[in-house]
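Keep the sequence and the coordinates open while reading.

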Amino acid sequence: MSSSDIPIVQLLGITKRFSPEVLANDHVSLDIQEGEIHALLGENGAGKSTLMQILYGIFHRDSGDILIDGKPVAMASPAEAIGHGIGMIHQEFMLVQPFSVTENVLMGVSSAGNESAYDPKAVSARLKALAAEFGLDVDPESRIEHLPVGVQQRVEILKLLYREARVLILDEPTAVLTPQEVDRLFSVLRALRESGKSIVIVTHKLREILDVSDRVTVLRDGRTVATVSTALTNGPELARLMVGRDIVLRSDKSAENPGRRLLQVDDLEVEDHAGNGRLKGVSLEVNEGEILGVAGVDGNGQSELMEALFGMRPVAGGRVLLDGTEITHWTPVQRRAARLAYIPADRRLVGSLSELSIADNGILGAQRSFGRFGGWWLNRRTVAEHARDLITRFGVRTPHPGYAAGKLSGGNLQKVVLGREVMRNPTVLLVEQPTRGLDIGAVETVWQELLAQRAARKAILLVSAELEEILNLADRIAVLYDGRIMGVVKLAETDVETLGLMMAGTPLIELRRRLRHPAGEGAHGPH
């Protein structure tokens, strides 16, 4: 960090209220030093993103001061923020997919006083130099639509560097990245820090904070709890500061004792709209009182599997049985009535209706059971009682049951969706990416509830891109690659290396053959 006594950015007593009942930031103070990586940590809804959007000029603060290099500024718009050297990369990238990298960088750049500012060749040359300087490995002529997500993120960083940003704010930068892409991003951030840039990472992932940041500011309930040096803290302490209590992420599962087969999938075939195979002969089974985890890199057919099992996607071949009854071509309504529940990966667009209240979202798909006169009129008292029970049981943080679901943080909305499905007492739960984007406190809640359902003898099919989650919760693990099952293994009989090889496309039968016949041995033996 710089030895200067004056931080490059100071936020002093920032307060932002969106409504009488929603106080997002409550006199928050934060300073950012030149040449540091500063993590902003907090639960979903703690006010992290709001604070950074105030610094970037998207939201206007109700009170408090913003100082740049010790001087107060208004920060009334993103253009003003960029003028002060403040840039922000949002969770949803602001890129035009059909355009090239250079064309995306040129968008919004003023050429006033600089004739080369809108010269594509000059811009491309400058981008190549910046990419080489910071190890970004981006071709300025590539079209965005052809670039992986991790490279698109580097384009966003290039945009800010081209605009000579001194402070780069990254909001949940690793949420859409593979582990390898996370490592690459952190290498880039360290290079930026060494060049004197200041980085702010908005996140709730403790392990990543400890890996890459210099200091951490923790927010809780919209207030500053503490700012600490990363070298002088640890995961449990940060979790305690963030949540206000000790957090222990361990499974503590009871001994495995599976019962009868409740879900059976035989040779399932699913195609996309163009007729391309997305699932290719998938077979699996889930038993009473067990969790079958489906591991794999995103995009290998996981979502298609879950949607087909819940009747949201047509099946081209094979069959699905629920407790011995074939349901292959049943509608989602019929499957729900047969006590099959689905918790989708997209809690906002698929799992809920954002404009409806928490209370109304809590009864979606089962409205008639909360009705009067044959189910045609909702019994509002019963709906409200159900909502209060759901909020209490699952720890949903909300002003009241009538609060719009779309205004909830990701973690609290996930608790609503999970609570709704669990409180219907299903026999089988299809659970897809249940903790994606959630803070550690919300992850703990979700894990505990899934294990409670397992203990209640439910059958759970769990799809997760987080291998740690699979290893903590599952009794058996199926690995999906390119629409095919590479193998199914018991948790006690596998390891991370084996799972990783299957996730990369090596079938379990091939791995076992290699163990029986290592290279150079038994070359002429029977196969």
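The model is predicted. A place to begin is the loop between α9 (302–309) and β14 (317–322), where Met-312 lies. Met-312 counts as partly exposed because its relative accessibility is 41%. Together with Leu-349 and Val-350, Met-312 forms a nonpolar patch on the surface, and the accessible area of the three comes to about 320 Å².

Helix α9 itself contains Gln-302. Gln-302 counts as buried, since its relative accessibility is 3%. The side chain of Gln-302 reaches the backbone oxygen of Gly-296, at a distance of 3.2 Å.

Strands of a sheet pair through backbone hydrogen bonds. Between β11 (residues 261–271) and β12, which run antiparallel, there are eight bridges. Within this pairing, Leu-268 has Val-282 in β12 as its bridge partner.

Arg-319 forms a salt bridge with Asp-266, and their closest N and O atoms are 2.8 Å apart. With 35% relative accessibility, Arg-319 counts as partly exposed.

The model has 31 salt bridges, counting side-chain nitrogens of Lys or Arg within 4 Å of a carboxyl oxygen of Asp or Glu. Side chains of opposite charge can pair when their charged atoms come close. One of these salt bridges joins Arg-215 to Asp-31, with 2.9 Å between the closest N and O atoms. This pair links distant parts of the chain: Arg-215 is in strand β9 and Asp-31 in strand β2 (residues 22–32), 184 residues apart. Arg-215 counts as buried at 14% relative accessibility, whereas Asp-31 is partly exposed at 25%.

Another salt bridge is formed by the side chains of Arg-207 and Glu-468, at 3.2 Å from N to O. Arg-207 lies in helix α7 (residues 206–212) and Glu-468 in helix α15 (residues 467–473), so parts 261 residues apart in sequence are tied together. Arg-207 is exposed, with a relative accessible area of 62%, and Glu-468 counts as partly exposed at 40%. Salt bridges also link Arg-260, Glu-288, Asp-323 and Arg-457 in a network.

Helix α5 (residues 149–162) has 14 residues and reaches 20 Å from its first C-alpha to its last, close to the 20 Å expected at 1.5 Å a residue. How many of the 14 residues of α5 are buried? The number is 13, and α5 is thus mostly covered.

Just after α5 comes Glu-164, with a positive phi of about 60° although it is not a glycine. Glu-164 is found in the loop between α5 and β7 (167–171). Because its relative accessible area is 59%, Glu-164 is exposed. A positive phi is also found at Asp-221, a residue other than glycine, with a value near 55°. Asp-221 has its place in the loop between β9 (215–220) and β10 (223–229), and at 40% relative accessibility Asp-221 counts as partly exposed.

How values were computed:
Residues numbered from 1 in each chain as written. Predicted model: local features only at pLDDT ≥ 70, side-chain atom pairs only at ≥ 80, totals over all residues. Heavy atoms only, no water. Patch = residues over 30% accessible without salt bridge, like charges linked within 9 Å, V, L, I, M, F, W, Y side chains within 5 Å. Areas by Shrake-Rupley, 256 points an atom, 1.4 Å probe, with all protein chains shown as cover. Helix = DSSP H or I, 4+ residues; strand = E, 2+ residues; numbered from the N terminus. Buried < 20%, exposed > 50% of the residue type's maximum accessible area, 1.4 Å probe, protein only. Expected span 1.5 Å × (residues − 1). Pairing = 2+ DSSP bridges. Polar contact = N/O pair within 3.5 Å; in protein donor to acceptor, adjacent residues only side chain to side chain.
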